[in-house]
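Biologist: Let's learn to read this model one feature at a time. Please put it up on the screen.

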Amino acid sequence: MTARVDHLVTSGTFALDGGEWDVDNNVWIVGDDREAIVIDAAHDADAIRAALGGRTLRAIVCTHAHNDHVDAAPALADATGAPILLHPDDLPLWKLTHPDRAPDGELADGQELEVAGTRLTVLHTPGHAPGAVCLYVPELGTVFTGDTLFQGGPGATGRSFSDFPTIVGSIRDRLLALPADTTVRTGHGDSTTIGAEAPHLDEWISRGH
């Protein structure tokens, strides 16, 4: 059986630099009827467990460590025994939310994760956060971009640990090099495609998005 992508939206609060914002987060589940990987355990561990439906959870992958993407990760890990995986460059952000609980493993550029016979390749795409990663799954024609690339442009870079030229470089060099028909599954909001976003790179740069 080929792996499939399941999707749920959870709601909570994003907090950084003394501010708080209500947010809806996309949680992505990649797997088959037996096992799965969760990408971004946001806000509601019970809802994510329900969506798993009894499948074995192989890993909880964090696209980055902003609190709204990792706040439910320890509870989900404790409930399932799955390891939490994070790029080490995002440990300073992780510790703002979970100072007493370290991730269980590291993500590295080029690393491959396997679930249900399908490989997810880790792409280190800093900018929105130093350790931000995307997960490219060519067999499914999709890339999970967290908050690096959205429908309409790059993720925000106006807060601590973020940098606009860096995120533009990550998108240009790592994401826009993927096939144009690749579906972009984002951390918030609607999906898009690489082909839909690629023509707008110069526009993003000129307006300093």
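Modeller: Start with burial in a helix. In helix 5, the buried residues are F164, I167, V168, G169, S170, I171 and L175. Buried means under 20% relative accessible area, exposed means over 50%, and partly exposed lies in between (1.4 Å probe, protein chains only). Helices (H or I, at least four residues) and strands (E, at least two) are DSSP runs, numbered from the N terminus. The model is predicted, so local features need pLDDT of at least 70 and side-chain atom pairs count only at pLDDT 80 or more, while totals for chains, interfaces and linings use all residues. Residues are numbered from 1 along each chain as its sequence is written, and side-chain values use heavy atoms, leaving out hydrogens and water.

Biologist: How should I read spacing along a helix?

Modeller: An α-helix has 3.6 residues a turn, so residues three or four places apart point the same way. In helix 5, F164, I167, I171 and L175 are among the buried residues.

Biologist: What span should the 12 residues of helix 5 have?

Modeller: The expected span is 1.5 Å times one less than the number of residues. For helix 5 (residues 164–175) that gives 16 Å, and the end C-alpha atoms are 16 Å apart, so the two agree.

Biologist: How many bridges join strand 7 to strand 8?

Modeller: There are 4, and the two strands run antiparallel. E112 stands opposite T121 of strand 8. Strand 8 goes on to pair with strand 9 (residues 133–137), again antiparallel, over 4 bridges. There, L123 has C134 as its bridge partner.

Biologist: Which face of strand 7 is covered?

Modeller: The one with L113 and V115. E112 and E114 make up the uncovered face.

Biologist: Is strand 3 mostly covered or uncovered?

Modeller: Covered: 5 of its 5 residues are buried. E35, I37 and I39 point one way, A36 and V38 the other. Strand 2 and strand 3 form a hairpin with 3 residues between them. They pair antiparallel over 4 bridges, and I29 has V38 as its bridge partner. Toward strand 4 (residues 56–61), strand 3 makes 5 bridges and runs parallel. A36 is partnered with L57 there, and I39 stands opposite V61.

Biologist: How do I read backbone angles in loops?

Modeller: Most residues other than glycine have a negative phi, and most peptide bonds are trans. Look for the exceptions. D17, between strand 1 (4–16) and strand 2 (19–31), has a positive phi near 55°. H43, in the loop between strand 3 (35–39) and helix 1 (45–52), has about 70°. A116 takes a positive phi near 50° in the hairpin of strand 7 and strand 8, where 2 residues lie between the strands.

Biologist: Is H43 buried or exposed?

Modeller: Buried, at a relative accessible area of 18%. D17 is partly exposed, at 49%.

Biologist: Last one: which charged end sits over the ring of W21?

Modeller: The test asks for NZ of Lys or CZ of Arg within 6 Å of the ring centre and within 35 degrees of the ring normal. Here R159 qualifies, with its charged end 4.1 Å from the centre of the W21 ring.

Notes: Pairing = 2+ DSSP bridges.
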